Amino acid sequence: MVDDQLANLRVLDLMVSRLGYECDCASDGLLAVERFKAGQRYAAVLMDGQMPHLDGYEAARRIRHLCAGEPLRPTIFALTAAPTDAERMKAAEAGMDDFLEKPISMSALRDKLALWVDIPHDGATPIPASALSVPPPQRMDISALRAVKGFDATVLERLARLGRESGEGVADVVVGLVLRELPQQLHAIEEALRTGDREALTRTVHRLTGAARNVGAVELADLCARAERTLHAVAGGYAQIEDGFATPIITEARRVTEVLQGLAGERP
Amino acid sequence: MNIAGLHVMIVDDDPSTLAVYGALLQAEGHTISTRDRALGTAPAIISARPNLVLLDINMPGLNGPDIVRLFRDRKGAWSPLFVLFASGDQGELQQVAHQCGAAAALSKNLDHHAFLIGFRTILVQHLARPGV
């Protein structure tokens, strides 16, 4: 955070820290550039425009020059009140990415940092870079799904056809990803029920709905979609989920897991 | 603009959704990049400069409509075409898209054909104009 008004720096410091980020302060552009010259690197720089010694625009330009070619490109925000078109253009030319309008609200700061600052992975499963291009060694016999209750086999059959056309095992990849996802989501549901975390439960059920649809597990998808609607719509929805939906969802998700494991040739 | 062979970025926290819709659009001839989280999406979009970003509505930390609103808040700066993407009623999704400034919304559903028709329609409506 770079601002020549120490009171502003103090307030920003408190706000940024409260959001869980680590921060450093500099009282003018020159000092900020010196930090970068000394090898310090930051995910984001919140830079006031008008400062003595070196203004924010020139400081941003020098920081961009110092970090050119590096893998971590710091996001530079211009701190200003109601930026004019000319200020927007000047900031863009200096290599600044976005604005934070003064007085800065906590919600604007939280949202803008969330949009621009990549936070190290929190446990979600990334899609492997190879997932869309490398066929797995063994192709599944999806036609076996036609006789299985609670499945729409056409979903995976269509993906398998895509695979045949492009030479990639798309259906196999999707089944593999869902098989990896299901135990994590089941654990997350049980944990959310245990701790009474309604937000986590809603998010997990939503994610499970998508995963179920992607493999044509229509019965599980319907159960989850109904649970989602209840969670969103009814004030007392949490109890209804616990009493009425959680057990069927967990039971059906385990059955779907076994079916998919059988399809993929994995031992349950 | 030619609406074949576009660069489409899909942002969704569910890896199987990324794989399914990535494969569907790749088979349509588009180049696909994927991102499994909303946080820090802006630098990824700006560095990849996709023609269109398909954004899940409901993601931890920052939802799809917030990303569109914050991105559009950078008045005058480059922005891709944003399309929201979620399960649920198409009419409600369109309303959310309209409110946040996204170009359109598409339903995730079991019918991949319907999804592709919707996707092609959006391309024709928003990208097949000269000078876009």
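**Note on chains A and B**

1. His53(A) is exposed, with a relative accessible area of 65%. Here buried means under 20% relative accessible area, exposed over 50%, and partly exposed in between (1.4 Å probe, protein chains only). His53(A) is found in the loop between β1 (44–48) and α3 (56–67) of chain A. Helices (H or I, at least four residues) and strands (E, at least two) are DSSP runs numbered from the N terminus. The phi angle of His53(A) is near 70°, which is a positive value in a residue other than glycine. Most residues other than glycine have a negative phi, and most peptide bonds are trans.

2. On the basis of this note: this is a predicted model, in which local features need pLDDT of at least 70 and side-chain atom pairs count only at pLDDT 80 or more, while totals for chains, interfaces and linings use all residues. Residues are numbered from 1 along each chain as its sequence is written, chains are lettered from A and ligands numbered from 1 in the order in which they are written, and side-chain values use heavy atoms, with hydrogens and water left out.

3. Chain A as a whole: chain A has ten helices and three strands. From the N terminus on, the elements of chain A run α-α-β-α-β-α-β-α-α-α-α-α-α. Of the 268 residues in chain A, 49% are buried. Among contacts in chain A with a separation of 6 or more, 61% are between residues 24 or more positions apart; contact means heavy atoms within 4.5 Å. The accessible surface of chain A is about 13200 Å², and carbon and sulfur atoms account for 54% of that surface. Such areas come from the Shrake-Rupley method with a 1.4 Å probe; for residues, only the protein chains shown count as cover.

4. Cys23(A): this residue lies in the loop between α1 (6–18) and α2 (29–37) of chain A. At 27% relative accessibility, Cys23(A) counts as partly exposed. With neighbours within four places in sequence left aside, Cys23(A) is in contact with Met1(A), Asp13(A), Val16(A) and Ser17(A). Cys23(A) and Ala225(A) are 202 residues apart along the chain, and their C-alpha atoms are separated by 41 Å.

5. Asp97(A): is this residue buried or exposed? Asp97(A) is buried, with a relative accessible area of 11%. Its place is in the loop between α4 (85–93) and β3 (98–101) of chain A. Again leaving aside neighbours within four places in sequence, the contacts of Asp97(A) include Arg64(A), Arg73(A) and Trp116(A) in chain A, and Arg74(B) in chain B.

6. A cis bond: Lys102(A) and Pro103(A) are joined by a cis peptide bond, with omega at about -5°. Pro103(A) lies in the loop between β3 and α5 (106–116) of chain A.

7. Chain B as a whole: the secondary structure of chain B comes to five helices and five strands. Along the sequence they follow the pattern β-α-β-α-β-α-β-α-β-α. The radius of gyration of chain B is 13 Å, close to the 14 Å that the globule rule gives for 132 residues, so chain B is as compact as a globular protein of that length. That radius is taken over C-alpha atoms, and the globule rule is 2.2 Å times the number of residues to the power 0.38. The C-alpha atoms of chain B fill a box of roughly 35 × 35 × 25 Å, taken along the principal axes. Buried residues make up 55% of the 132 residues in chain B. The accessible surface of chain B is about 5000 Å², with 51% belonging to carbon and sulfur atoms.

8. Aromatic rings: the count comes to seven aromatic pairs over all chains. One of them is the tilted pair of Phe85(B) and Phe115(B), at 5.8 Å centre to centre and 50° between the planes. This pair links distant parts of the chain, with Phe85(B) in strand β4 (residues 81–86) and Phe115(B) in helix α5 (residues 112–127) of chain B, 30 residues apart. Rings of Phe, Tyr and Trp (its six-membered ring) pair if their centres lie within 6.5 Å; planes under 30 degrees apart count as stacked, over 60 as edge-to-face and the rest as tilted. Phe85(B) is buried at 0% relative accessible area, and Phe115(B) is buried at 2%. Tyr21(B), Phe85(B), Phe115(B) and Phe119(B) form one aromatic cluster.

9. Arg49(B): this residue is found in the loop between α2 (41–48) and β3 (52–56) of chain B. Its phi is near 45°, a positive value in a residue other than glycine. Arg49(B) counts as partly exposed, at 47% relative accessibility.
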